[in-house]
Amino acid sequence: KNEVAKLALDAMGLPSFLSGLVFEKVVLSEVWNPAKAEVLTRDMFAAYYAAECEGRCKEERLFRLLLTDPATRDYLTPADFEQLLDSLLLCHPGLSFLHSTPEFQQRYAETVIQRIFYSCTQLSKGKLFLRDIKRSKLLDTLMQVDEEEDINQERRFFSYEHFYVLYCRFWELDKDHNLLIDREDLLSYSAHSLTFRIVDRIFNGCGRTIDCPEKGYMSYTDFIWFCLSEENKNNDVGIEYWFRCVDLDGDGIITINDIEYFYTEQLHRMECLGHEAVKLVDTLCQLLDMIKPNHKPPFIRKQDLKRCGLASNFFNILFNLNKFFALESRDPLQIRQEHATPELSDWDRFAAAEYVRLSSEEESDEMQWNNSEESNVFMISDPTIN
């Protein structure tokens with residue numbers, strides 16, 4: 001095992017935890033192992049290396065190693081990453097505590113794979129091409145994970161704490177714990193922050209085509225894309241996700257009519273809560289001054305939102321009431337903290353705060369969880385908290 005890990009790292013330039021994939025790719029192949037030997041010999045590896053690796057960059061070596069069906073497609077699917085996650089969970093010291101919780105392992109693997117596709121693919125069609133691997137520097141991240149014992153130091157895809165936040169948020173909404181949530185469940189997200197109209201657009205697959213085969217429901221993988229986009233509306237994928245939701249006729253622009261459609265419900269909610277309502281005309285002026293679109297009559301393109309750096313404010317004003325209120329009364333201390341840590345994204349800050357909250361609740365309710373009937377069905381308690 002150590003020798004194969006050394007070959008993966010030194011000869012192929014890939015993470016050592018991929019040694020299991022290298023072994024299976026060669027030993028289980030009739031091309032590289034016609035004698036069906038049970039061990040990987042140097043001659044077998046040399047033949048494989050000459051055909052699959054020599055003259056190719058490290059990213060292409062990774063791509064070809066992961067691709068399970070090279071004869072029929074030139075892209076990776078989420079299923080192609082399952083062995084990578086199996087190997088990581090087996091080998092990484094920072095994830096060894098999960099060995100006794102196989103269902104947590106499965107959810108962790110699903111989360112990491114979806115986060116990779118969320119960040120690395122440009123069209124959110126479930127296809128990852130070689131150019132995506134190169135552009136996203138995915139291999140650099142895998143090498144960092146291979147070298148770093150603390151899995152939480154890698155925040156792009158592999159952080160256990162980030163996974164725990166995502167899954168617990170889903171678990172809180174999934175009242176019957178069948179790994180499905182409906183419109184009513186999602187409407188309760190973050191203390192009923194979202195409007196009915198935006199939730200309808202989400203479930204209609206406007207932000208991203210829904211994975212769940214059951215009509216009217218959202219699966220855990222769907223929720224991952226929603227939550228990452230909801231808590232980080234300033235990144236490109238989040239902007240694309242919400243732009244498609246708000247662009248009612250799908251013509252590639254957000255018009256005054258689109259803004260009015262969503263803000264009307266926000267206005268009604270403010271009035272119902274007795275909050276001082278901001279009139280539509282005043283909000284329009286505020287939004288246009290914020291985005292500064294250079295179009296007559298005024299409309300907004302994705303490029304305008306990406307350029308201005310205030311996409312989160314724009315979307316929150318339209319359909320997230322609690323964040324709209326928070327925007328009007330921002331804490332100066334929070335602003336200073338954000339300026340002091342520019343390397344952290346909105347998602348990073350949200351996940352850090354949520355993990356502290358969830359950990360505190362876990363510690364205070366540990367006895368209740370251990371004795372509850374639900375904890376016998378599925379272990380939601382964090383294995384890292386003792």
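Predicted model: local features only at pLDDT ≥ 70, side-chain atom pairs only at ≥ 80, totals over all residues.
The side chain of Glu-354 meets that of Arg-169 in a salt bridge, at 3.5 Å from N to O. This pair ties together distant parts of the chain, since Arg-169 belongs to helix 9 (residues 160-173) and Glu-354 to helix 21 (residues 346-364), 185 residues apart. Arg-169 also counts as buried, at 11% relative accessibility. Glu-354 has a further salt bridge with Arg-357, where the closest N and O atoms are 2.7 Å apart. Here both residues sit in helix 21, three residues apart, or about one turn of the helix. Arg-357 counts as partly exposed, at 27% relative accessibility. Through shared partners, salt bridges join Arg-169, Glu-172, Glu-354, Arg-357 and Glu-361 into one network.

The whole structure holds 21 salt bridges. Another of them pairs Arg-107 with Glu-110, at 3.0 Å from N to O. Both residues lie in helix 6 (residues 102-120), three residues apart and so about one turn of the helix. Arg-107 is buried at 6% relative accessibility, whereas Glu-110 is partly exposed, with a relative accessible area of 24%.

Turning to surface charge, Glu-147, Glu-148, Glu-149 and Asp-150 form a negative patch. Glu-147 is part of helix 8 (residues 138-147) and is exposed, with a relative accessible area of 65%.

Ser-229, in helix 13 (residues 220-230), is buried, with 0% relative accessibility. Beyond its neighbours within four places in sequence, Ser-229 is in contact with Tyr-118, Val-237, Gly-238, Tyr-241 and Trp-242. Its C-alpha atom is separated by 28 Å from that of Asp-74, which is 155 residues away along the chain.

Some backbone details also deserve a look. The peptide bond between Lys-296 and Pro-297 is cis, with omega about -10°, and Pro-297 is found in the loop between helix 16 (280-291) and helix 17 (302-308). Lys-292 lies in the loop between helix 16 and helix 17, and has a positive phi near 55° although it is a residue other than glycine. Lys-292 counts as exposed, at 54% relative accessibility. Ser-190, not a glycine either, has a positive phi of about 50°. Ser-190 is found in helix 11 (residues 189-192) and is partly exposed, with a relative accessible area of 26%.

Technical notes:
Residues numbered from 1 in each chain as written. Heavy atoms only, no water. Patch = residues over 30% accessible without salt bridge, like charges linked within 9 Å, V, L, I, M, F, W, Y side chains within 5 Å. Areas by Shrake-Rupley, 256 points an atom, 1.4 Å probe, with all protein chains shown as cover. Salt bridge = Lys/Arg side-chain N within 4 Å of Asp/Glu carboxyl O. Lys, Arg positive; Asp, Glu negative; His and termini not counted. Charge placed at Lys NZ, Arg CZ, Asp CG, Glu CD. Helix = DSSP H or I, 4+ residues; strand = E, 2+ residues; numbered from the N terminus. Buried < 20%, exposed > 50% of the residue type's maximum accessible area, 1.4 Å probe, protein only. Contact = heavy atoms within 4.5 Å.
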